[in-house]
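Visitor: I am new to this structure. Please take one part and look at it closely, then show me how other parts compare.

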Amino acid sequence: MRTDMADIGSEETARMDVVYEKERVTIHPTQYGSGRISGKLRLYLQLGSLFLSWEPNEGVNSFSTSSVSAEIEKYRNLYTIQALPLSDVRFIRRHTPTFGLEYIIIVLSSGLAFPPFYFYNGGIRELFATLKQHVFIIRSDDATVDLVNLKSLSSLELPGVATVANAMSRQNSFSFTGSVSEVRHGDDAKYGGPSTMSEYVSKQRRKSNDPGRDISFQVLEKFSLVTKFARETTSSLFRENHSSGSHAYGRQKQEYVLDNKASDKYADQLITPDDASLPSDSVESDELLLVWGKKRGNPLSVEEWRAFLDPEGRIMDSKALRKKIFYGGVDHVLRKEVWKFLLSYHEYDSTQAEREYLAAMKREEYEAIKSQWKSISTTQAKRFTKFRERKGLIDKDVVRTDRSVPYYEGDDNPNVIVLRDILVTYSFYNFDLGYCQGMSDFLAPILYVMEDESEAFWCFASLMERLGGNFNRDQNGMHAQLLGLSKLVELLDPSLHNYFRQNDCLNYFFCFRWVLIQFKREFSFDQIMLLWEVLWTHYFSEHFHLYLCVGILKRYRLRIIGEGMDFDTLLKFINELSGQINIDRAIQDAEALCTIAGEAGADCIPPGTPPSMPIETDGGLYLQEDDVL
């Protein structure tokens, strides 16, 4: 993320006119309050252009322990901005919550984003006042209005977008202006809506009293077609949902869009497919002439499982066990026992007696947590908004989760009730993270395997220790994974990465669904259980799912490049791969790519990226409201 100026002599470089400067502008690269990094944000003029820089202060936060200092230093170097031309900025999103710190998110023309910059001493108003003196920006003062880049919206089939885009483009043909549309939230936001801006505006006025439906949900729903859970888990990409009454609480979100022509410089470059990627007999995919991954084997059998255990029930060789599972999976009759180890509910060196004692203790603890919300009366619930909101969201989600699976199908299914109870209980167990749409997709296979409420809860809670970052409000976990994916494609297939850059696909949002719920929509229920147990071994890499993404993209690279897919065509193509991907071949491809990448691949992924365990400190796991109230 570091940006350096080029072809500027030292004498010219010294001629800077600082027009804005603010101390204590801070990033929170980890989930812990002790991991924050404070620095100085500047705007300055140089050679007639406006630049932005952010330089972290020397030394580690005084609250950081020695065990996290090295990790924080990596982030300090990673996110330093030496000289970022404003012409490379796609838009700046501003967040001004009623309680807590104001912050901004800077999104580059490539689609990559810096982590949120929190202003501990204020100064956002002055920042944008300064920006307006030097660049043309368009903003919305209405909390129910999103400013959205029309290049993304125009092809997402939202009502009236194409016409609005054309109108705005004609009105704003400035050299430093981006096309922007103000789109009000409304229940009538359906595909195939009004075709003109006047029709759209008049229709919105007629329905101004209706409850608002978050337009950002539609955008990301089209991005990934994650119809069951896109609102909460991806809301912070276009920020928090806003109901019709949200303005009364003072929540505001604003995006400042600046024109950028950065991708134009690549327009004349020719893209040639790698010689190593040749078409196969199938018209659907390209063969990968790589160091092929090892042939898939048979699932772990009961006899093989018993051979791994000593007389007291300890696993004698956990690495060999994980290798066996990686290459063959687990026989379904063993999953209830083996998954508890893969999900860290049990330690590999624990005895059978210790595990039985732990299960009894955990069952009591689970019931105690569950009783906290079960004892809430109707009168109490009326005064407990967060509880009502989370439980209501869970109630809606569980009846739409894996209902085609016999275990969850039918009306009044008791397993659906258990699914709901576990999720509500987890929202009390981890109140900072709470519940986000998408969690039910992770829990459903776990409950199906465990067939026990307490054990399913603790296995799910262990999984969320690693994947909770996918659901953080600031979406740092998702941004880090998409950034890592971008770097891996650049390392393993530079020409494909360059093609994505030319076609404004460098944000890799078309892989959002793959990463968010780890291919849950791409494979059948049985296949996803196999894939997840392979991923949970962490045998080759904790981030093996990112190599899966690279392998699938590389397998279809000739079609992507040959058909000249732009972002929207690529998104449609990726989503249509659901149910069409050969799972064994995908794992083999990912293994080969992981082997080829080696340490260089590991270096592409930012520290602490999910599903890596977060750095343990005393500051808490999830930086949500507590640190800023």
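Guide: Helix 24 (residues 567–575) is largely enclosed by the rest of the structure, because seven of its nine residues are buried. Buried means under 20% relative accessible area, exposed means over 50%, and partly exposed lies in between (1.4 Å probe, protein chains only). The buried residues of helix 24 are F567, D568, L570, L571, F573, I574 and N575. Helices here are DSSP runs of H or I with at least four residues, strands are runs of E with at least two, and both are numbered from the N terminus.

A word on the source. This is a predicted model, in which local features need pLDDT of at least 70, side-chain atom pairs count only at pLDDT 80 or more, and totals for chains, interfaces and linings use all residues. Residues are numbered from 1 along each chain as its sequence is written, and side-chain values use heavy atoms, with hydrogens and water left out.

Now the setting of helix 24. The protein chain holds 25 helices and 12 strands. Of its 629 residues, 56% count as buried.

Next, a helix pair. Helix 18 (residues 476–492) packs with helix 19 (residues 494–502) at an angle of about 130°, and their axes are 5 Å apart. Axes are lines fitted to C-alpha atoms, for helices over the stretch in contact, and angles run from 0 to 180 degrees between N-to-C directions. Helix 18 makes the contact through S486, V489, E490, L491 and L492, and helix 19 through P494, L496 and H497. Contact means heavy atoms within 4.5 Å.

Now some strands. Strand 1 (residues 17–27) pairs with strand 2 (residues 37–46) in the antiparallel sense, over eight bridges. Pairing requires at least two bridges found by DSSP. Strand 2 is also joined to strand 3 (residues 49–56) by eight bridges, again antiparallel. R42 in strand 2 stands opposite E21, and its bridge partner in strand 3 is S53.

Last, two loops. S344 lies between helix 11 (332–342) and helix 12 (352–374). S344 is not a glycine, yet its phi is positive, about 65°. S344 is partly exposed, with a relative accessible area of 45%. E451 sits in the loop between helix 16 (439–450) and helix 17 (453–467). Its phi is near 50°. E451 is exposed, at 58% relative accessible area.
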